[in-house]
Every structure is written in structure tokens, then in C-alpha cells.
Amino acid sequence: MIQLHHLSKIYKSDTVETHALKEISLQVEEGEFVSIMGPSGCGKTTLLNIIGLLDNFNRGLYIFDSKEVKELAERESEKIRKDNIGFVFQNFNLLDELTVYENIELPLIYLGVKSSERKLRVTEILERISLGHRSGHFPYQLSGGQQQKVAIGRAIVAKPRLILADEPTGNLDSEQGSEIMEMLTALNESGTTIIMVTHSISDAAYSSRLVKLMDGHLVSEKSFLHV
Amino acid sequence: MFRARLKFAFRALLKNKTYSLLNIVGLALGLSVSLIIFLYLNSEFGFDKHVPNHETIYRVEGEFKINNEIEQFAGSSRALAPLLAKEYDYIDDYTRLYHIDVNVRFKSKNKSHYEEDIAIADNNFFEVFEIPMLKGDRKTCLKEPQSLVVTQHFAQRYFGETNPVGKQVSTSNHTYTVTGLIANWPSNSHHKFDAVLSAFNDTLDLQEQLNSLWQVNVFTFLKLPSSDQADRLVADFPGFYDKYMRPMGESFGGHFQIQLSELSEIHFGRSLQYDRKGGDKSYLYAFAAISLIVLILAGINFVNMATARGMKRVKEAGLRKVLGANKAEIRWLVFLESFLLSFASLFMAFVLVELVLELTPFNEVLQKDLSLSHINTGLLAGVALLLTSSVSVLSAWYPAFSLSKVPGLSAIRGGYQLGKRSVRMRRILVGFQFCISVAVVITALGMYRQMNYVSNKDLGFNKEDILLVSVEDSVTASRIPKIQEQLANSPYVMASSTSFSVPGRGLGRSVFSLESEVGGLFEQKVIDNMQVSLGYCTTMEMEVVEGRDFKRKDNLSEEKAVLVNQKMVEEQGWEQPIGKRIRWGFDESGEEMFYGTVVGVVANFNAHSLHESIKPTVLFLKDNQLGTFHIRVDSEHLKKALVSIEKVWAKHNPENSFQFSFLNKTLANLYQEEQRQSQLILYLTYMAIFISFLGLTGLASFTTGLRTREIGIRKVLGADVFQMVNLIFKEMFTLIVLSILLALPLAYLLIKAWLSGFAFSASLNPLIFAFSALVAALLAYLIISYHSLKVARNKPVDTLKYE
């Protein structure tokens, strides 16, 4: 599904060049659950953003579903994102002035889904994340774990094939964190590919493969065997 | 300490170059508008105050009462002042002025120009007005006949930089010697001229003087020791009237009284017949209000930008606090920056004003000589400082106080947001700005339409291509038929005729006895009248709608033929106007001397300016008369026409120089003030549009700035660019629609008020309103789209990081 070959990302300012990613090569197959770990500033989030077509890169090759990403027009990469990818952020990134229901509904609106079907799908998601009773609440009325559930709900409502999660449990306590990880695992088991950036070994243990980054280099890859 | 603060403030401004520049430019524009209007008002309110002893100079104005109708004139008889001075010894002195309102061609060696602003004055004119002479002697300069005192402007045209005194200029029949040079006569003078001729010689005997007291031919100025003496003279005048004027007055039921106006109060005084163009103070107050509004509009931008920037500086303020700055310290910094910015704007405004006044035709268009150097420096500095300081204090107030309250630590950590409350205020301010701008635009369009209407309206005659030549003596008058005969041979002259009066310069008004519809009954009325010679209607291209035009044999018949206008027919209720009888001219026993019969009706024509409605008018035939010779020329060959007319004129009337003016220009002068106002409003419109464009830009970038994170999230979730532009526009849509809706009635009231000065006005076209509203909304959409696009186009990762 995802192939990166010798991918590099350089931030340039007037005087300094920062190599955020250096010669990264990585393959992710459909249905995998990959964790990316590494110290702060090693380029994890940058890598995730590039994979999610939110950011561009300077050198190398990125092939998504056999399409070379670098040559895509803005509009095309928007379309790939819309149709295939859901995002989960550490700080949830919910829209404050929209209710739980409306937050989850948003991607469907942008996909042009009819209102009757939207209702069906949002209700289904709300049940899945067990927040049906909270659908009219605003984000600030929810706990962190609930907010992240809403964010995950929003990420999966359009049925993406790939979920990119950037430290999804980073702002949560351990109980809420494991709840979120259970949800992601369940999603993965139903066929969704997941790439997750994390600082937590225990979170990484939920995944099928662990990728370690250091100073922009990919330093090791390791597969977990789940029983 | 202060130096350190100044350094901080400077650095902060340099760091945000775009912000600083926008701020400076915006405010500089507002300030320069205010400065220019201040100069304009200063000049207008200073009318004639450049005359050193203006408080002691009074103009004699006349109030004629004929059959209970009062007619007020700015001028008076040339015989009046000498008799008054003889009668009342408290009159210190008097001087008289006469404006030659036509083009006179002056020649000196190889230079030749048509001069428009030439006056004739008593030989003591410059002494009474105490005008300093640059060259020549004030006491004697106009003593000799054929003397000429010129302004620098005039001298420059004929003699360049050399001393003009002693040099000669000539018209086609006279040679004048320049005897004095004065500075250019300021534009804010009610009585303006470029050169003054010596001319009056009082050779009239007493009887001739008495006879001429009922005429209006010159402007008379008295020098009085104080305003008490002016009141005294007005009170004493009935004695003078009894002694010199009553017998003649009684013969035709007339009465006369003088009024006196102090020199500097004439321009904005009562509106009088035969006066120079006066001013209207209410317009000046309107301009003052407008300049204040423009300044407020610019000030709003300044405030808004300062607030927006304040919101971005929360972290910096927090850091400063953690490092030990107290509240006052932070306020100081914000105020200091604001002062630096506004004084930079002030400096730029002065440069702009100087550039506009010196390098653009601004002064020419407004017929002014505004200049920063003409004004008292202290006053200017005071006004400028006051304006600038108030803007800087007002604009820095909110950010200074709210930033100083920022809690240090949480500001550094991020998440502390400043002034969500101020967002609403900003919107209201920008809405106000937008509303005013739209209203100003619509008003300017409305004024422009009216000025267009005024210059293109069918006046009932064709004002184009008519030369006016004044015929002031009977010898010239007797030669006109011969001249006409010769001109008929010129291919460039289409028609010609003489009339006592000229449209736009005032008609005669006299008492007429008019036959009623039933017949027999005669009723007396004061009616506008014109004495014209044969061919007047043809020359003016006026339409005879009923009956016929004058014929040659009308001159011979006992019963005179007259033409009336449609308005007359309408007011008299004449069903059958042809054949109606009219009588006029009363002898000593009160009997009418002339009998006339209506032979034709001419279509209504605007003999007065469009400020006035059309009045009933009688035209009667009189050949070989004094007045103004009208010549219609071929517009394609104006130059050739002028040459051929001047040739014929010089041949048949060699004693008088050929002097002419254009009818269309005479008429255009009637609307000079409005023309000027609409020009000024137009300039202000550009300003207002530009400033509110800046304001909207500021608000749009600010709003999108506040929503950067949201836009990022939406984009990640799949929103496309168009959807996001609409999202932002939707938020500002209500604001824009509301301000436009408020602007429409405001503009309507403004235009209505301005048009109320006209008896004839263009209809208020709703399309102007609709069009302006639409364009404004579209422009707003474009501006907002531009800014939303900028954010929406960002890589989402950048906008999310923004947090």
C-alpha cells in the first residue's frame, strides 16, 4: 500500500538546513499495524505527515497504491486523502464550536454523502465509540479519553483504508489510553491499516511491527508476534 | 532606560515590516486628507482676510424695492460713493471696482494672451485696501490714465522675470503702461483680478449723477473707522435717499436702501444679484465632517491592526513578564510603538500633502492655491500633533492594557488567548468603515451624475459654440448691423444677434401689465424680460413652438411684437396666447408707454442657472441696442472663426478692442462651486475606498488568522478550498450586507440634501445604488477570498503546527 524509497525532508531557514528525514525506506502492506517510535525531534511526526499527504518531501520516492505522490497535483492528493486516510492527533483537533455529532459528520459532508446516509453512519459510529448519549455535547464538555474517541470516530466514519495516529494516547491517562488502543486494534482486525507514532512501548506492543527512528534515520524494524 | 525602550519599540516595528508599512501608509493617507481639508477650510474661512485692514472696509450693497418686490444687488451706482462721502464726513475714504468679465487680448512685443480677470479701479484702490506693492508707488500707480497694475502672474506672462514697471502692454485699441507690481491676488478673495486698469473719471454733472443713482454698475467699498460707523451710515441713509433719490423713486414707485458688508464677510454673506460667486458655509462644515470621518476610518484601521498584532504578541508579553517587566513597562512599550508609527505616518502625510499640492493638478481643479507654507506654522503643528497623538493613544489603549494583564507563565506555555471580546468590536468598526465607504461612493456617483446632467441638460437653447461680445456704447451698437452683414459672408459664422441680457448672467426684471385669458383685464406683474435683436432665436437655436419668430417688419409697427415662453402661457392660463396684449414702461403719470402683442411662444429655456426654476419670460425686439452680441460659430473651425470675426471687428469698430467670452463657459461658471465639491468628494471617495479596502484586508487576514487551526483541521478532513473560502465569507457576509444596507439610506439622504440646491436635478437612479452595493459586495468577497485562499492553500501541516 505504501512504499517509501530513500525519502528525505529538509527544512531550510536563512542560515540553517535541518535534515528532518534522511533516506527513509519503508513499506507498509494493507492490513498492517505499524508503530513508529523514537526520541523527540527524530522526525516521527514529519514522517507521518508525509505519509498522510499533509506535507511534502525533498528527495526520494513515495508510492501510494502504485501512484507516485510527488507528481500529484494538490487536488489529486486531496482526493487520495479524502477517500483513503483518516487522522487521529495527540491533541484531538476537534472543532470547538461543533458538537460531537457534527464533528464526526464533517468528513462525510466534505465527501458529499447524503444527509440521510450521514445520519445512519454517524449514529453507527457513536454506538461503536459508546458516546451515543453525548452526541449533542461540545468537545470541552468531554473528558480527554472521550474527546479522543470522538476524534477516532471522526477518523473512521468515512471508512478509510488507512488510519494515521499521532500519539493518540499522549494526552490521556493509562486507563483511557488502553481503551483507545483496544479500539485501534479492533479497527485493524477488521482490515484497516494503521500507522501510529508513539512514545509508549506498551502502546507499540499493540502493533504488528515497530519502526524506530533516530535523527531522521530509520534505525531498526522489528515485528511483534501476537497470539 | 528610555533609550532602551525606544530601541525595543524600533526593533518590534522593523521585525514586522509589512505590518508597520500598512499601518503607516493607511494612517498617513487619513492624516493627509485631514491636513489638506484643514488647509482648504483655513483658506475658505480666511476669505479676504489677507487684506490688512479688512475690518474697516465695507462693501455697499443696494436694496431696490419696486412695487413691493425687493431686489438686492451686490453692486451699486458709480455716482453713489462720491455723493455719500460728500454728505457724511465720517466716511474715511471710498474706492470702486469694476470687473471686466470677458477675454481681453493683451499684447507685449511678441507675446499675446487673452486675459479673463481684469478689473478697473479708482486710483486710490491699493491705498484703501493697503496692499503692499512689490514695485511701484501705491499712491500714484493708478493716477495717470492708461496705467496698469499687474500681479506677478500677469507680469510673468508678458515680461518673464524682468521688472515690468515702465513696460507697455496693449489691447487692440489702447496702450497701457505698467505702473505697479503686486503679489498674486490670493484665490481666497471674493473680488479677484490679475491686473487693474485705471479708468474712472468722474466727469458727470450733478443731474447726471442723480440720474445714474438708480443704476448698478460698480462695486463700491467704503473705509469706515469702525463697525459703529457702518451701522450709523445705514441708519443715516434715509436722509440721503430723501435728498437725492426720492423724486425719481416716486415716479415709478421705487425705493432704495443700502446695506453694508464687512469685506471678510462678503464671500459667505447673503446671496445677491450681480455678485461674484459666493460660498456656502454649510458645505465647509460638511467637508470638515468628511475629513474627520476619513481620519476615523483610517484610525479604525490603525486600532484594528494594533489589536490584531497585540493578539500575536501574547507570548512575547508573557516572556517579558517572566523576565521581570511590570504592567507599566509593557504598556509603555505598546504606546511607544504606537507613537513611533503615528509620527512616521505624520511625516509621510506631510510629504504626501506637499506632493499632492505641488505636483498634481489638485489646486488647479479646486481653483485654490493651497500650500503648507501659506499657513501659520504654530497652528499647523498644533493641529498635526493633536491629530496624531490622539490616534496613537486611542489605538494603543486596548492592546496596551490587555497585554499588560497577560499572566506570564501561561502565556509562554501557549493557549492563552487575548481578546476574543475585541473581535466583535473590530467587526463593528470595520462594518462602520465599509458602510461609510459605500455611502461615500454612492454619493460621489450621484453628484457626478448631477454634474453630468447639469452640463448636458437641454437648456432650451444650444449653449455650445456661442461667442459673447459685449456692446457697451451706442456707437458700437450702431455698427453691429454692418458687422453682422460682413460676418454673414464668413463660412465659419453661422448666425448672430444681440441681446441685452445673457442666460446665466441674470435677466432684466420689470413690471408688465398682462392681458388675462378673458381679455380686456390687465394685471401687473414683475416679469423676467429680454430685449433681443432679430435672429436671436435662430442664433441660440431656441424653438418657437407656437406662432412665429420676430420678423424685420416688427421693428416698424406701432404695436410691438413680443415672444413669451411656455411657462408664461401656463402661469397666465392663456388658452390662446397668440394675440394677447402686454404693456410696459411707465411714464411719470404712471401710464404705460409701450404696447405689445404676443406673436409667438418659445419653448421653455433656462435663462438662469439650474439652481432656479424656469420663470415666465417676455422677449421683445430691439435692434441697435447695448448688451451682448451673440455669435454662433462653426465649432470645427473655432480658430479661423475668431480670426475672421476679429478682422471684421477691427475694420468696423476700430476704437474698441475685440473682447469675447464663451457662453458655455459663462454657464459652467454657475456650477463652479458644485463642480469643486464633486471633485473633492471624488478624491475623498478614492481615499475611503482605499482605506476600507485596507480595513477589510486587515479584518480578513485577522479572521483567517484566528481560524488557521480550524481551517487546517477541516482541510485534513477533506474540505476543499472553495468550501473554506465560503466558510470565512459566510462569517463576514452578515457584516457586509448589514453595512451595505445601512449605507443605502445614508447615501440617499446625502444626495437628496445636496440636490436640494438645484431646481433641476437628475433623477436618483436606483441602479447606482444597486450597482455600488453589488460592486462593494463583490470586492469584499474578493478580498476575503484572497485571504482565505492564502490560508486554505497552506499545507495543512503548517496550519496545524500554527497552534
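In chain B, a network of salt bridges links B:Arg59, B:Glu61, B:Arg270 and B:Asp275. A salt bridge here means a side-chain nitrogen of Lys or Arg within 4 Å of a carboxyl oxygen of Asp or Glu. This is a predicted model, in which local features need pLDDT of at least 70 and side-chain atom pairs count only at pLDDT 80 or more, while totals for chains, interfaces and linings use all residues. Residues are numbered from 1 along each chain as its sequence is written, chains are lettered from A in the order in which they are written, and side-chain values use heavy atoms, leaving out hydrogens and water.

**The overall count**
- Over all chains, the count comes to 28 salt bridges.
- Side chains of opposite charge can pair when their charged atoms come close.

**Two pairs in chain A**
- A:Lys9 and A:Asp55 form a salt bridge, at 3.3 Å from N to O.
- A:Lys9 lies in strand β1 and A:Asp55 in the loop between α1 and β4, so this pair ties together parts 46 residues apart in sequence (helices are DSSP runs of H or I with at least four residues, strands are runs of E with at least two, numbered from the N terminus).
- A:Lys9 is buried, at 6% relative accessible area (buried means under 20%, exposed over 50%, partly exposed in between, with a 1.4 Å probe and protein chains only).
- A:Asp55 is also buried, at 8%.
- A:Glu32 forms a salt bridge with A:Arg209, their closest N and O atoms being 2.7 Å apart.

**A helix-to-helix pair in chain B**
- B:Glu87 and B:Lys243 meet in a salt bridge of 2.8 Å, N to O.
- B:Glu87 sits in helix α3 and B:Lys243 in helix α7, 156 residues apart.
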